[in-house]
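Biologist: Could we go through this model together? I would like to begin with the terms and then turn to the sheets.
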Amino acid sequence: MNIVILSRNPNLFSTERLVVEGEKRGHIMEVIDPLKCDLIIEKEKPTIYYKDRYLDYVDAIIPRIGASATFFGCAVVRQFEMMNVFTSVTSDAIIRSRDKLRSFQRLSKAGIGMPKTVFTNYSRDVEKVIAHVGGTPVIIKLLEGTQGLGVVLAETKNAAESVLEAFNGLQARALVQEYIAEAKGADLRALVVDGQVVGAIKRQGKEGEFRSNLHRGGTAQVIKLDEAELKVAMKASRVLKLPVCGVDMLQSTRGPLLLEVNSTPGLEGIETGTGKNIAKIIITYIERNRHN
């Protein structure tokens with residue numbers, strides 16, 4: 001097959017791993033920067049022009065689109081869909097998952113446990129917002145944050161008010177979430193491929209850091225998820241129609257609580273942590289599903 005990875009940087013760990021595993025299985029792998037594609041829209045013949053050629057030979061794509069490139073990146077994925085090219089994740093599913101508020105609404109309706117969360121439209125009544133999630137400390141998250149950026153732990157009412165006022169002043173929309181103390185700065189990342197959990201790690205924030213992201217200096221260890229955790233990860237993947245995704249959860253006294261679902265999860269932490277060949281699993285998922 002001709003498989004295209006939509007990625008702005010061919011040297012990223014995840015992109016390189018997918019290329020290596022795809023080539024090992026006899027596919028022609030190509031990395032294309034989605035932001036350099038021209039979309040040609042005409043009656044019954046949607047096409048994509050890239051550098052000096054038309055991309056009319058592509059069999060499947062793997063979108064690895066960063067949050068900053070969501071709008072145009074998803075337009076490129078959609079164009080491939082219009083050309084009947086198989087995609088590991090659809091454009092609609094990426095857009096849905098990037099909108100944290102929309103994701104939370106869908107996931108809570110589906111009965112998935114999550115930290116109590118409040119979203120307001122630049123509310124001045126910060127006290128009421130904090131009361132809704134059970135008082136301080138609270139976590140305040142930008143709707144568009146990534147890799148732990150735009151996530152703040154406010155330990156007092158004054159701190160929470162200051163952060164919310166600052167975000168409001170920047171016209172930045174934020175969610176306020178209850179702080180799950182018993183998680184002790186650790187979370188679980190489950191990687192789902194084709195609706196099944198194929199690997200999981202426990203990420204622990206460095207000393208004094210409540211965010212466990214590996215980009216923030218956290219550490220990872222391999223973990224076996226229990227029945228409830230497996231169910232949450234697979235159900236979240238199903239609800240958001242993301243056959244390939246990373247599902248982040250907290251361990252709490254009331255069971256696993258869903259934090260976030262990532263439509264383009266990085267492979268480095270999970271492959272290094274578990275020793276599993278996740279890139280190969282993704283390629284074989286494409287092989288199985290392309291003709292379905």
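Modeller: A definition comes first: two strands count as paired if DSSP finds at least two bridges between them. The model is a predicted one. Under that definition, strand 9 (residues 138-142) and strand 11 (residues 174-178) are joined by five bridges and run antiparallel.

Biologist: Which residue of strand 11 stands opposite I140?
Modeller: I140 faces V176 there.

Biologist: What is the strand order of the open sheet of four strands?
Modeller: The order is 8-11-9-10, and the pairing is antiparallel. Strand 8 (117-119) and strand 10 (151-154) are the edge strands, each pairing on one side only. Neighbouring strands in this sheet are turned against each other by 25 degrees on average, direction ignored.

Biologist: And what is the order in the open sheet of five strands?
Modeller: That sheet runs 14-13-12-15-16, with antiparallel pairing. Strand 14 (219-222) and strand 16 (255-262) each have a single partner strand, so one side of each lacks a neighbour in the sheet. From one strand to the next, the twist averages 30 degrees.

Biologist: How many bridges join strand 15 to strand 16?
Modeller: Seven bridges join strand 15 (residues 244-252) to strand 16, and the two run antiparallel. Within strand 16, P256 stands opposite Q251.

Biologist: Let us move to the start of the chain. How many residues of strand 1 are buried?
Modeller: Four of the five residues in strand 1 (residues 2-6) are buried, which leaves the strand mostly covered. Strand 1 runs parallel to strand 2 (residues 28-32), with five bridges between them. It also runs parallel to strand 6 (residues 60-63), joined by four bridges.

Biologist: Which residues stand opposite I3?
Modeller: In strand 2 the residue opposite I3 is M29, and in strand 6 it is A60.

Biologist: What is the hand of the unit made by strand 1, helix 1 and strand 2?
Modeller: Strand 1, helix 1 (residues 13-24) and strand 2 make a right-handed β-α-β unit.

Biologist: Back to strand 6. Which way do its residues point?
Modeller: A60 and I62 point one way, I61 and P63 point the other way, and all are buried. In a regular strand, side chains alternate between the two faces of the sheet.

Biologist: What does strand 6 pair with in the parallel sense over two bridges?
Modeller: The partner is strand 7 (residues 86-87). F86 in strand 7 is the bridge partner of A60. The chain passes from strand 6 through helix 2 (residues 70-82) to strand 7, in a right-handed β-α-β crossover.

Biologist: Now for cavities. How many of 30 Å³ or more are there?
Modeller: The structure holds three.

Biologist: Which residues line the second largest cavity?
Modeller: Its lining includes I62, P63, S88, V244 and I282. By class, seven lining residues are nonpolar, three are polar and one is charged. R64 is also among the lining residues.

Biologist: One last topic: is V232 buried or exposed?
Modeller: V232 has a relative accessible area of 12%, and buried means under 20%, so V232 counts as buried. V232 lies in helix 7 (residues 227-239).

Biologist: How far apart are V232 and G113 in sequence and in space?
Modeller: They are 119 residues apart in sequence and 8.0 Å apart in space, C-alpha to C-alpha.

Conventions: Residues numbered from 1 in each chain as written. Predicted model: local features only at pLDDT ≥ 70, side-chain atom pairs only at ≥ 80, totals over all residues. Heavy atoms only, no water. 1 Å grid on protein atoms, 1.4 Å probe; cavity = no way out; pocket = protein on both sides within 12 Å on 5 of 7 lines; lining within 4 Å. Points joined across faces, edges and corners; volume = space filled by probe spheres on them. Nonpolar A, V, L, I, M, F, W, Y, C, P; charged D, E, K, R; others polar. Buried < 20%, exposed > 50% of the residue type's maximum accessible area, 1.4 Å probe, protein only. Right-handed = clockwise from strand over helix to strand, strands pointing away. Axes fitted to C-alpha atoms, helices over the stretch in contact; angles between N-to-C directions.
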